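The sequence and the structure are shown first, and the description follows.

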Amino acid sequence: MKRLAALICTVLLAACGAGKDGAGKTEITLMRFFGSCEAQYGQVAKAAQGVGECGIITALVNEFNATNTDGIVVKTQIGEWGPYYDQLTARLVAKDIPTIAVMHESALGDYVRRKLVLPLDEDFARVGVPVDDFTEHARRGTSFNGQTYALPFDTWAWLWHINTGLMRKAGLASADGQPTLPRSPGELLAQARQFKQRTGKPYFAWAVANETAANDRTFLTLVAQQNARLFSDDGKTIDMHQPAVVNALTLMQTLYREGHVRPNLDYAAANQAFLNGEAGVVVVGTWTIDQFLRESQKPDSKLRGAYTVRPFPQLYEKPAVFADGHSWALFKGGAKDAKAHEASVKFLKFVWDRTAEWSRTGHLPVSKTVAESAAFRALPMREALTEITQTGIGMPGNVPTQRAIELLIGEDVANVMISGKPVEDVQKSVEKRVNKALKKARR
């Protein structure tokens, strides 16, 4: 009997201890994309040891879970990049709400207008996230009606990734091997023709087929560089009938028609064509810098010692380049109580304090202090890109359903190139379809 009593006591004590430990934990959920890499980074608990988007964000969350002294546990929920917002919306409808979710700044406004995310200025002031240190682009992307609704994570932008070896062969490089970039549409066409004549290859590889985002981003960049505004002040209509639109569409059509863009490539094929040395420039975002750098260091790479990157060149009167950003938002109903909300804010502060780690992906910093730091500027290729934190542009924040609008514009811009659809027909089509979508959009 004594043994039995002792055994029962031991079990009860263990059970009481387990319950106490469990009660001391505060679990919050983090919904994100950026891929899954648990096999490689699941046990890595230092953000500094992560490589690439997936590696860094996985290690960063692991580090927070391992080092915070408040008993907070962040549970990662990985969504697929393509249908991410459909998945998020379905979860919100089902009341399966993540505590924190990654958001493109171009999508954030829709959730703010529907009152689904929380304003964060008071929380940031309390834990020491300095909103005044946000870069201009980050501040613009996360602020609505004078309030901050997300923690900016990065700025990503539309870049020219350049094969300097092919540029030298084409006679389009300076004595120190740096590419000579065009400064007008006329110079761009002249360079493309010279490049094709001397190398036998097209100047560009960029995603055209089965692609909407790339076409839209190039188009918006060219329009913004002409200091034109596509959308009305209230964000309710688009105006495609202006000279800047004609100039942009005509330039893109001419480049494609003359064979200066490798034809019919999708996203993966365009990047691979560049890596294979089949084009001088691939137009794609900041997120490929790390990949291309690694490829250019391989002994058998066509980019061996011949890779550099620049912001999309200024071809018109104003420096501007399409840019967006990732950010972290807190959703209403995601934190089950005040303790979980406070845990979420503490995690955001932890992310902010390590924002320099994320900039190793190729994305640009959202902290002015980090962007101006010697450590950031010492990273390969970065110093030339810091201007984007000031020159980056996107659709105005009051334009709803921006990802749907991107699709509509991108589809018709592709038709200008692939099928040679007349520019005036594209102007009419985009204006009709986009204005219809904007009229129906929930505000």
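The model discussed here is a predicted one. In it, the side chain of Ser429 makes a polar contact with the side chain of Asp412, at 2.7 Å. Ser429 belongs to helix H20, which covers residues 423–440. Its relative accessible area is 16%; buried means under 20%, so Ser429 is classed as buried. Not counting residues up to four places away in sequence, Ser429 touches Asp412 and Lys421.

Glu63 is located in helix H3, residues 52–67. Glu63 has a relative accessible area of 15% and is therefore buried by the cut-off of 20%. Leaving aside neighbours within four places in sequence, Glu63 is in contact with Ala45, Lys46, Ala47, Phe350 and Arg354.

In soluble globular proteins, nonpolar side chains tend to be buried together. In this model the largest nonpolar core has 79 residues, and those with the most contacts inside it are Tyr203, Phe204 and Phe219. Helix H11, residues 243–257, gives the most to this core, with 8 residues. Apart from this core lies another, of 52 residues, with Ala101, Leu120, Phe124 and Ala340 among them.

What surrounds Phe219? Not counting residues up to four places away in sequence, Phe219 touches Leu230, Met240, Val245, Ala248, Leu249, Met252, Ile409 and Val413.

## Strand pairing

An open sheet of 5 strands runs in the order E2-E1-E3-E12-E6, with mixed pairing. Strand E2 (72–78) and strand E6 (151–152) stand at the edges with a single partner strand each, so one side of each has no neighbour in the sheet. Strand E1, residues 26–32, pairs with E2 in the parallel sense over 7 bridges. Arg32 stands opposite Ile78 in E2.

Strand E11, residues 321–324, is covered on both faces: Val321 and Ala323 are buried on one side, and Phe322 and Asp324 are buried on the other. In a regular strand the side chains alternate between the two faces of the sheet. E11 pairs with strand E7 (residues 156–163) in the antiparallel sense over 2 bridges, and Ala323 is the bridge partner of Ala157. E11 also pairs with strand E13 (residues 392–393), in the parallel sense and over 2 bridges; here Gly392 is the bridge partner of Val321.

Asp266 caps the N-terminal end of H12, with a side-chain oxygen 3.4 Å from the backbone nitrogen of Ala268. H12 is followed by Gly277, whose phi is positive, near 75°.

## Pocket and cavity

The largest pocket has a volume of about 780 Å³. It is lined by 34 residues, of which Arg140, Ile393, Gly394, Met395 and Pro396 are the closest to its centre. Which element supplies the largest share of the lining of the largest pocket? Helix H10 does, with 5 residues. Elements that each supply at least two residues of this lining include helix H5 (105–113), helix H7 (136–142), strand E4 (143–144) and H10 (213–224). E11, helix H18 (388–391), E13 and helix H19 (402–418) also each supply at least two.

The count of cavities of 30 Å³ or more comes to 1. The largest cavity has a volume of about 40 Å³. Trp160, Leu188, Phe204, Trp206, Thr218, Leu222, Leu251, Leu255 and Phe312 line the largest cavity. The elements that give two or more residues to this lining are H10 and H11. Phe204, which is part of this lining, is also one of the residues with the most contacts inside the largest nonpolar core.

Methods
Residues numbered from 1 in each chain as written. Predicted model: local features only at pLDDT ≥ 70, side-chain atom pairs only at ≥ 80, totals over all residues. Heavy atoms only, no water. Core = buried A, V, L, I, M, F, W, Y, C linked by side-chain atoms within 4.5 Å. Buried < 20%, exposed > 50% of the residue type's maximum accessible area, 1.4 Å probe, protein only. Helix = DSSP H or I, 4+ residues; strand = E, 2+ residues; numbered from the N terminus. Contact = heavy atoms within 4.5 Å. Pairing = 2+ DSSP bridges. Polar contact = N/O pair within 3.5 Å; in protein donor to acceptor, adjacent residues only side chain to side chain. 1 Å grid on protein atoms, 1.4 Å probe; cavity = no way out; pocket = protein on both sides within 12 Å on 5 of 7 lines; lining within 4 Å. Points joined across faces, edges and corners; volume = space filled by probe spheres on them.
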